[in-house]
Amino acid sequence: MRSLATTCAALALTAAALPALADPDPADWDAVLDEARGQTVYWSAWGGSTATNDFIAWAGDRLKEEYGVTVEHVKLADTADAVTRVLSEKQAGQDADGAVDLIWINGPNFKAMKEADLLFGPFAEQLPNWQYVDVDGKTVQTDFTVPTEGYEAPWAMAQVVFMHDTDDLPERLPNMGAILDWAQANPGRFTYPQPPDFLGTTFLKQVLLEAVENPEVLMHPASDADYDAVVAPLWDYLDELTPALWRSGRAYPASGPAQLQLIADDEIDLAISFSPGEASTAIADFRLPDTVRTFVLDKGTLGNASFVAIPYNSGSKAGAMVLANFLMSPVAQVHAQDPEVLGYGTVLDMDKLPDADRAEFDALELGVATLSPDELGEVRPEPHPSWTTRIAEDWQSRYGTGQ
Amino acid sequence: MAFAETPAAAPRATLRASRSTLTFVPLLTLAAMLGPICAGLAGTVLPALGWYPAAGTTALDGAPIRALLAWPGLADAARLSLTTGLAATALSLGIVALVFAGWWGTRPFGMLERLLSPLLSVPHAAAAFGLAFLIAPSGWLFRLAAPLIGWDRPPDLLILNDPWGLSLTAGLVAKEVPFLTLMALAALGQSDGRRSLRAAQAMGYGRLTGWLKTVFPRVYAQIRLPVYVVLAYSMSVVDAAVILGPTTPNTLSVQIVRWMGDPDLGQRLVAAAGAVLQLALVAAALALWRGGEHVVALVGRAWILGGDRGRLDRVLRPLGLMAGVLSAAAVLAGLVALVMWSVAGFWSFPDVWPDTVTWRSWSRHGAGLAEAARMTAVVALASTGIALILVLGCLEAEHRSGRRLTRRGLWLLYLPLLVPQIAFLPGLQTLLLTAGADTGLLPVIAAHLVFVLPYVFLSLGDPWRAWDVRHATVAAALGASPRAVLWRVRLPMLLRPVLTATAVGLAVSVGQYLPTLLIGGGRVATLTTEAVALAAGGDRRAIGVYSVAQTAAALLPFALALGIPALAWRNRRGLHG
C-alpha cells in the first residue's frame, strides 16, 4: 500500500517536473546556446513593411552565422493571427512544437497571451544582454500598463510622430485641434490607417489622450460605468474630422506603410507614424519625397516598446531566446536605429554600454527627417489595453461599415 | 467518377489483367477531391450552429448566427457578394458572346485569341494589382491624363476600394473573359458552328445576329458549368477583393477571413456562420442565374422567331471587339505597370515614367523571393504530379473499361470549383487542428490537389478521348500489352496535351491564395501569399517584384509545354501539332 502511494507520488512529481526539465533555463546560457544550435525559429512578425522584413532577414543571417540558429520569418498580416494560432493549438492539445516560436508583440495581444498562460517564461531579464537595457528611463517592464514580468523581451522603442510634406504643409501642427482645423481647411489631404490596424488604433488613442479631461482614467481598465462618457470626445472629434479625410473617410489606407505611398503620390500631406526614424528611412528608399519632415505635439505623443515573446509550446525555445538576446545586443540595436535600415529607437541605456558600442551609436546619422531625442519631447504612456480593444471595435461599427 | 456502361472497346483478355489496380484510381481521385470539401463543410456547419469544443462551446443554439446578424456591415457585405458576382459573370459572358458572335473566324479574332490565351494563366492577384496600378487616381491612366487636365496631384476620387465594388468587378471581368473564351473555343469545336452560321448568313442574317441565334444556344449549353464556376468564384473571391474591393465594410468573404484571424476564438464561430451564409448566397445566385437562363431562353426564342436580321450588328460588332481588347489590354498594361514599379527609383505623380530605373528592389527581395519561389514550385509540382497520375489513371481506366464520364460525373468534377473556397477551407483548418494534424506542407499540397485535379482532368479529358483507338488496336495486334500501348504509343502521341494539362495544373496551384494561407498556418509562404500580404503595406516596388515573379511562375510552364514537344520530337515530324 505504502509502495503504491510512493509510486503515485513519484509519478506525480515526475509529471510535474517534466515540462520544467524539458524547457531550457535562460540562467544557464551556455546550455541554451548548445541546445539552440541547429534549431529553426519560426518568428511570427508583421510582414507589411519591407524595411522590417529586411531587418529580420539580416538578423536571421547573423544568427545562422554566429549561433547556427535558422530563423524563418512568418510574415503576418496581423499579429493577432499568431496569437490565434497558439490559442487554437492549446485548445487542440498541441502542447509541444507549435507553429510559432517567437512573436513580435505588444499591448492587447501580450495581455491576451499572458492571461491565457500561452507564454514561456519568465526569461527576458535573465538574458545576457539585459544588463544593457535602460530599465529606468524606458517603459520596458510594462507593456500598455501591464507588467511584463520577464515574459517578453524589449527590442525597439516607438513613439508617435507626424510626417508632413513641407511642400504643402510647411509648419508643424501643435495639437490635435490644429490638425482638425488644418484638415478641414484642406479636405482630402489627411487620413489614418483603418482600425483595427495598430497604427490606426494608435491615432484614435492619441486623439483620446488629448481629448479626455483627466488622462489618468486611461491608465485603469475601461469599465462600462465610465467608458461611454470618457470616449465621447473622441467620437465628437472624429465626427468632425471624417468628412474632411482623404476619400471623405469612405476608404482608408490598410496600414502605416500604405500611407507613405499616398504621400509619395501627393495624395495626402500629413500622416501618423509610430517610428521617429521611419520618414528618413523611407526617403532613403525612394518611398517618400525628400521634402517630408516630422513633428510631435506640444503635450507629447504616445510611446511604447516593441517586444518579442515565446509561446509556451514552442519547440525551439532555446533558439528563440538566442534570437531575443541577439535583438537586444548593441550590434543589433545600432543596426535597427540606423535610418538606412529601420530607424527604430534603441531600448539600451547609453551609459551602461562599453565605450566602443556607444561610439557606434554616436556615429549614427539620424537622417534628415528624424527629430533628435530632445526634440521628441515628452513620451506619453499607452492607455490600458482594454481601451484600445473597445475603441477599435466601436470605430468599426461607427465608421468602418459605411453607416 | 460515375461512369455509364457502354460496349467495351478494348479486348476482353487484356482488360481483366489491368483492372485490379486501375479500378481504384477513380475512387481515389474522387476521395482526394471531394473528401476535403465534405470534411470542410462539416467543420463549418457545426461551429456555425454553436458546436465548437475548441472554444469551449457545444450548445447548438445558433448563437453564432445571431452574432453574425448583429454585425452592422452584414447587409452591405452580402449585397456586395451578390452584385459583384452577378455583374462580373454577366459582363464576362456578354463580352465573350459579342466577341465570338461578331468576329469568330476573322483575323482580329485570331489576334485577340492569341492575346487572351496567355492571360488565362496570369494569377488573379497579379492581375488585380496591375489593374490597381492602372486605375488608381495616382495610377498610370491618371498620370497620362494629368497634363491635359492640369492635375499636379492625384484627384481625391474613390476608384479603388469603391463601396459599390466596381473596381473589383472590373478586375474579375478582365480575368474571367480569357477563361470563358477558352471554354467557348473548346465548346465550338464540338458544335457545328461554321455551317450553321453560313446557313444563317445565306438567309440574310448579319454575322453577329446569325451567330447569336444559331450557334450561341449550343455553345452556352456546353459552357454552362464554367459560367457557374465564374459566378461562384466571383462572389467569394478573397485575394482580388483584398486588393480591389471595398473596405468599409469588406466583402463577406474578406470579412470571414478577418474573423478567422481574430485572437478571440469565439469569432471563429461567427466566421463559420458567415461561411454558411456565403454558401447560401452562392447557391441562391446560382438558382437565380438558372432562372435567368429560362427568361433569356424565352425572350431569345421570341427574338429568333421575330426574324430580325441584325439591325444592331453595326453597333454591337465594334462594341464587342472594343470590350474584348479593353479587357485584354487592361491586364497586359497592368503587368507592364507591375514590371515598371519593380524597377522604379523615385517615381512621383504625375510623372509617366520613373526618375531612375534600378535593380535595387529585385536585389533586396532576392533572398525572400527565391525561398517563396522554391516553396511555390514544391507545392505546385507535387500537387500537379499527383493530379496527373490520378487523372491519367482515371482516363486509362475509362478507356480500358469502356465506361465514359457521365453528366453526373462531370458535375462532381466541377464541384470543387462551385463550392466557394471560403465556405469549406476554414472548417478544414479547424478540423486539421482538432485532429492534431500539423498544418504545413503536406496538408497544403492536399488542399491544392482539390483544385488542381478538376482543371487537369478537364484539360486532358477531351484530347485523351479524341485519340484514335485504332492506334491501340494496331499496337495490340503487334503484340503490345495495354501497358505498352499506354507508355509507348498513347502517352508519346499525347505528349503535348499532357504537358498543357501539366501547365494548367501548375498555374492553378501557383495562383492559390486561400488554401495556402489557411491550411498552411502561415508556415507555407508562396509567391502568391507573399504578394497578397504585401498589399497591406502598399509598397508598390515590393508588390511589383512579387507579382512579376508570380506571373512568371505561372507562365513558364506554358512556355515549356510549347517548347518541349518541339524539342523532343524534332526528328518525328508526324508527332508535331
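In chain A, A:Glu149 is placed in the loop between β5 (146-147) and β6 (152-159), where helices (H or I, at least four residues) and strands (E, at least two) are DSSP runs numbered from the N terminus. The phi of A:Glu149 is positive, near 50°, in a residue other than glycine. A:Glu149 is partly exposed, with 15 other C-beta atoms within 10 Å. A residue is termed buried if 20 or more other C-beta atoms lie within 10 Å of its own, exposed if 12 or fewer, and partly exposed in between, with C-beta atoms placed from the backbone.

The structure is a predicted model, in which local features need pLDDT of at least 70 and side-chain atom pairs count only at pLDDT 80 or more, while totals for chains, interfaces and linings use all residues. Residues are numbered from 1 along each chain as its sequence is written, and chains are lettered from A and ligands numbered from 1 in the order in which they are written.

A positive phi of about 50° is also found at A:Asp97, which is not a glycine. A:Asp97 belongs to the loop between α4 (79-91) and β3 (102-105) of chain A. This residue counts as exposed because it has 12 C-beta neighbours inside 10 Å. Most residues other than glycine have a negative phi, and most peptide bonds are trans. A cis peptide bond runs from A:Pro195 to A:Pro196, with omega near 10°; A:Pro196 lies in the loop between α6 (176-185) and α7 of chain A. In chain B, the bond joining B:Phe349 and B:Pro350 is cis, with omega about 0°. B:Pro350 is found in the loop between α15 (313-342) and α16 (360-401) of chain B.

Chain A is divided into domain 1 (22-156 + 305-362) and domain 2 (161-303 + 378-399), the bounds coming from an automatic or database domain assignment. Taken over C-alpha atoms, the centres of the two domains of chain A are separated by 28 Å. Contact between them involves 16 residues of domain 1 and 16 residues of domain 2, two residues being in contact if their C-beta atoms, placed from the backbone, lie within 7 Å. The side of domain 1 that touches domain 2 has seven nonpolar, seven polar and two charged residues. In this classification, Ala, Val, Leu, Ile, Met, Phe, Trp, Tyr, Cys and Pro count as nonpolar, Asp, Glu, Lys and Arg as charged, and the others, Gly among them, as polar.

Helix α9 (residues 256-264) of chain A is largely enclosed by the rest of the structure, because nine of its nine residues are buried. Among them are A:Pro257, A:Leu260, A:Leu262 and A:Ile263. The buried residues of α9(A) pack against β7 (161-165), α7 (198-211), β8 (270-273), α10 (278-284) and β9 (292-295) of chain A, together with α25 (540-568) of chain B. After α9(A) comes A:Asp266, with a positive phi near 60°.

In chain B, helix α24 (residues 527-535) is mostly covered, with nine of its nine residues buried; these include B:Leu527, B:Glu530, B:Val532 and B:Leu534. Helix α19 (residues 441-466) of chain B contains B:Leu460, which counts as buried because it has 24 C-beta neighbours inside 10 Å. Not counting residues up to four places away in sequence, B:Leu460 touches B:Val391, B:Leu395, B:Pro497, B:Val498 and B:Ala501. B:Leu460 and B:Ala501 are 41 residues apart along the chain, and their C-alpha atoms are separated by 5.7 Å.
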